[in-house]
Amino acid sequence: MDGRARDGGRVYQSSGDQHISEHHQHHHHYPDRTGADAEAEAADPNGSDRHGSSGPERGSGPDSVRRPAVGRTPVVLRDRTEILRRLRESLAPGRGGEVFVLHGMGGCGKTAVAYAAFLAATGESGRVGLWVNAADRASLRAGMLAVAADRGARDGQLLAARNGYRPAADLVWDRLDASPEPWLLVLDNADDPAILRDGSWLRGSPRGTVLVTTRQAAARWWPGAELQHIGVLPREDAARVLCDLAPGTGTRAQAAEIADRLGRLPLALTLAGGFLSHQVIDPWTMETYGRRLADGGGTELLDRGADPLGERDPRHLVGRTWQLTLDAFEVRGLPEAVTLLRLLSRMAPEPVPLSVLNRREIDAALPRARTETALRALLDQSLTELVTVAGVRCVQSHGVLLDSVRAATPAEEGAGLDAVAVALLDAAVPAAPDAGPYDPGLRLLAPHLTGPTRRTPQDVLPVAIRLATALHRTGDYASARETARAAADLAAPVLGEDHRLVLAARSRAGRALFRLGRYDDAQTLLRRTHAAQRRLFGADDPDTLDSAHGLQLVLANLGRRDEALALLRATATGRAAALGPRHPLTLRSRSSLLAMLEPAQLASPEGTALLRLPTTCERHLGTGHTVTVGARHNHAWALYVLGRYAEADEEIAGVTRHYDERFGPEYPIALAARQLRARTRAALGDVAGAIELMTRVVGRRERALGADHPFTTASRELLARLSSGGPDGG
């Protein structure tokens, strides 16, 4: 066979079976050239392909950059008013050159905000909208070259950029700068800013506005950009989102309760609404859905709300969206960041004081020296955030995120992380809680014991009881009661109501109830607990005696003095036998007798011995010990009861100064001491001074305890008697 080839064609001759494959790029055969020469061969001066090629290679880019590639969009975008106003301003005629970065945790609705801005740009502002997925290098590059094509780049220019013959980013931005129409460019899911930086893909242009969505919060990645944090929704708007998505399934109040349980995270709300709106055979109400969430439905229940026919994009599932970032940490050699987040997931979605993470106990999970790097990675990827609560620096992560991470943590690793979490919290609680000024850091620890208590109650209960004791002794009685009550309620189903630790937690809750002025509730709980402890452990067991000491305080304030005195005497005797006569708890019970005895009893041999107790405490415990100062306080009361007013006034004045210096004037014991000082001043004839003292006491007790607390009522009554010139009630 004879044949000729023309214009770069080829002739093949064969005999037999031959299979010939030849690969062409747009059916062109270029000379061995690069750069501008290759481009000149590819295109004529008018910009049309010499051989009629139809454009970029099929399959090399997105199907469209004119339509946002988003999942389920909100029916109505709730909240976000301020950021949308700011974005709309940037889309006004003549505006350009601005770069906005919307950052926040996965699922918080950054893409939804960008989508709303895109609609505003292409609708009311008349701009060209361009949408690029920036999740990975390939998607970003293909999308940006498609943007260049949309803005007029010729096929030859695009081919040269794809083949590396010319800088791709320069081509894209040349075309964007030359765009005849103003535009909005959205770079969605730019969670790895290094991809944008390495190719210099992120720039500004006077012809348009750039909007980036990312989980990366670090400002160093976004020089010159305006950063806007996108967080969870306000409660009312979150409830409206559920009602928008699932109308007729419940009330606004029920929607608000579900929203609270989901932490008002837009992704979680969208999935919940999707589930409720698509049930056909067995429709659920919001009430049913909320109940299932409360029963531990969690991540699996939420992800059932995803579109069953849609693409299973991990970003649209709470069980997977954050795993993308965790996988990236592993690839980049930051496994400690994964471990740290898993450790945080063993705690509550509440602020965790940074001091908790800065302890040697964390070495059992990750090297302490690497904790800073790990935390910085989590902060940069919006997986946690820094918050300051009552002056305490903390980190806080979203509850749905923590639930998702905890559910995905291997069981064998979870048990070890629970142990580390408990060890960190244990180290953060004072080993021997003492009276002291209010410590906001202690209250912040309490929520984080809840999860470990459910999983390992026997390990956590001692920590919870010690924390409740510490909270009580710093005057935070409400937190003390709640910490002890919650720990006992969680542990009792596993350990049983008669377990020693459960009963100890109940006792601590009862003593806090007394300080909160709930005398009847305190008496009921302490009587029941004390009876169980006597039955199970004996009358002189230390735990039984602790409950007895608390119960006698309640009985005395309920006016049952004889019963209280008998119980207190038995407690002092039992503590002396069980702990020794010089033990602080023994001395404390004995000193309490000074505040209980009447004048005739104080004049008896028992009373005479007790009046020497402050000296005994000083000798064995030291002058500044809490029990020693408390003994001096009770000694001053005994002197007052005996009519030795000058001695009582001198004693209580010294005690008041000590309390003020150590605890502050608002501390409950300091107020009690000042109230006794008012009595001694009045007894010595300084009624005006007494009234001034009591006026301050009443005001401070009203602020701290409330106007109806029994302590406040007693103080107000004493002030009234002093003001009317009547007896001081001593």
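**Exercise 1.** Determine how many residues of helix H14 (residues 335-344) are buried.

*Solution.* In this predicted model, local features need pLDDT of at least 70 and side-chain atom pairs pLDDT 80 or more, while totals for chains, interfaces and linings use all residues. Residues are numbered from 1 along each chain as its sequence is written, and side-chain values use heavy atoms, leaving out hydrogens and water. Helices are DSSP runs (H or I, at least four residues), numbered from the N terminus. Buried means under 20% relative accessible area, exposed over 50%, and partly exposed in between (1.4 Å probe, protein chains only). By this criterion 9 of the 10 residues of H14 are buried, and the helix is mostly covered. Among them are Glu-336, Thr-339 and Arg-342.

**Exercise 2.** Classify the ring pair of Tyr-640 and Tyr-645.

*Solution.* Rings of Phe, Tyr and Trp (its six-membered ring) pair if their centres lie within 6.5 Å; planes under 30 degrees apart count as stacked, over 60 as edge-to-face and the rest as tilted. The whole structure holds 11 aromatic pairs. For Tyr-640 and Tyr-645, the centres are 5.5 Å apart and the planes stand at 50°, so the pair is tilted. Tyr-640 is buried at 4% relative accessibility, whereas Tyr-645 is partly exposed at 31%. Elsewhere, ring pairs join Phe-275, Trp-284 and Tyr-289 in a cluster.

**Exercise 3.** Describe the setting of Ala-149 in helix H4.

*Solution.* Helix H4 spans residues 137-150 and contains Ala-149. The relative accessible area of Ala-149 is 30%, so this residue is partly exposed. Leu-171 is 22 residues from Ala-149 in sequence, and their C-alpha atoms are 9.7 Å apart in space.

Terms used:
Helix = DSSP H or I, 4+ residues; strand = E, 2+ residues; numbered from the N terminus.
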